[in-house]
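Here are my notes, as numbered points. Have the model open while you read, and start with the charged pairs.

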Amino acid sequence: MKKGLALIYNPHNLLEFIWYSCTYSKDTEWDALCLPSGHMGEYMSEYCEKSGMFKKIYASDKNYSQAGMKEQLGEFASMFSHALTGRRAGYCKKTLNRYVDDIDRYDELVVLNDIGLVGGLMIALGREKRVVILEDGVGDYVEKSNKRLLRHLVSGREWRGFLLAKMGYSNSEHYYPLEASEV
């Protein structure tokens, strides 16, 4: 039997996943990774358990966007060095294994979008695994262009989003093209 991992942040995400799994992957045994949804923290593991759809549920309160500057810079330096040396997939697996027992045992990964870091890391493994990006709403259709940075040259947040997208890790600012999620 195939194994799959679904990244769940909120009720919309869970409903989209239920639709997907019932429609397209009835022969897959699913686990869930539940992460914080903004300031609300992680609360979806309880709902995932009640759904009865998941064999194992991983939950974490780790939120990179709320980490301290020192931790964010250290993580960014690690991402940069892995991308520069062609070891991006290794970084993705190492980081995802902080959340799950072994990312390599999954055949399929389901994410809501490429905006969050963990979802972006899962998408970056698309050469090795089947990765499904679910519908997230109008944000999915926003034009993504590197030109946006020209209008926001003094914004550290925009630079971070631009560099994360260029390195292939995530589209954290919503507006920069991420090669792995381009259709």
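1. Let's begin with D31, which counts as buried at 1% relative accessibility (buried is under 20% relative accessible area, exposed over 50%, partly exposed in between, with a 1.4 Å probe and protein chains only). Its side chain meets that of K3 in a salt bridge, 3.5 Å from N to O (a side-chain nitrogen of Lys or Arg within 4 Å of a carboxyl oxygen of Asp or Glu). D31 sits in strand 2 (residues 28-34) and K3 in strand 1, so the contact ties together parts 28 residues apart in sequence. K3 counts as buried too, at 15%.

2. Some ground rules before going on. This is a predicted model, where local features need pLDDT of at least 70 and side-chain atom pairs count only at pLDDT 80 or more, while totals for chains, interfaces and linings use all residues. Residues are numbered from 1 along each chain as its sequence is written, and side-chain values use heavy atoms, with hydrogens and water left out. Helices (H or I, at least four residues) and strands (E, at least two) are DSSP runs, numbered from the N terminus.

3. What else is K3 linked to? K3, E29, D31, K55 and R105 are joined in a network of salt bridges. The structure holds 12 salt bridges.

4. Two further pairs deserve a look. E75 and R98 meet at 3.4 Å, N to O; E75 lies in helix 3 (residues 69-84) and R98 in the loop between helix 4 (88-96) and strand 4, so this pair ties together parts 23 residues apart in sequence. E75 counts as buried at 13% relative accessibility, whereas R98 is partly exposed at 46%. The side chains of K93 and D104 form a salt bridge at 3.1 Å, N to O. That pair links K93 in helix 4 with D104 in the loop between helix 4 and strand 4, 11 residues apart. D104 is partly exposed, at 43%.

5. On to strand 4 (residues 108-111): E108 and V110 point one way, L109 and V111 the other, and all are buried. Strand 4 runs parallel to strand 1 (residues 2-8), joined by 3 bridges (strands pair if DSSP finds at least two bridges between them), with L5 opposite L109. Strand 4 also pairs with strand 5 (residues 130-133) in the parallel sense over 4 bridges, and here E108 stands opposite R130. With helix 5 (residues 117-123), strands 4 and 5 make a right-handed β-α-β unit (with the strands pointing away from the viewer, the path from the first strand over the helix to the second runs clockwise).

6. Now the aromatics. There are 5 aromatic pairs (ring centres within 6.5 Å, using the six-membered ring of Trp; planes under 30 degrees apart are stacked, over 60 edge-to-face, the rest tilted). F17 and F54 have ring centres 5.2 Å apart and planes at 25 degrees, so they are stacked.

7. W19 and Y24 form an edge-to-face pair, 5.6 Å centre to centre with 80 degrees between the planes. W19 is partly exposed at 46%, and Y24 counts as exposed at 54%. Ring pairs link F17, W19, Y20, Y24, W30 and F54 into a cluster.
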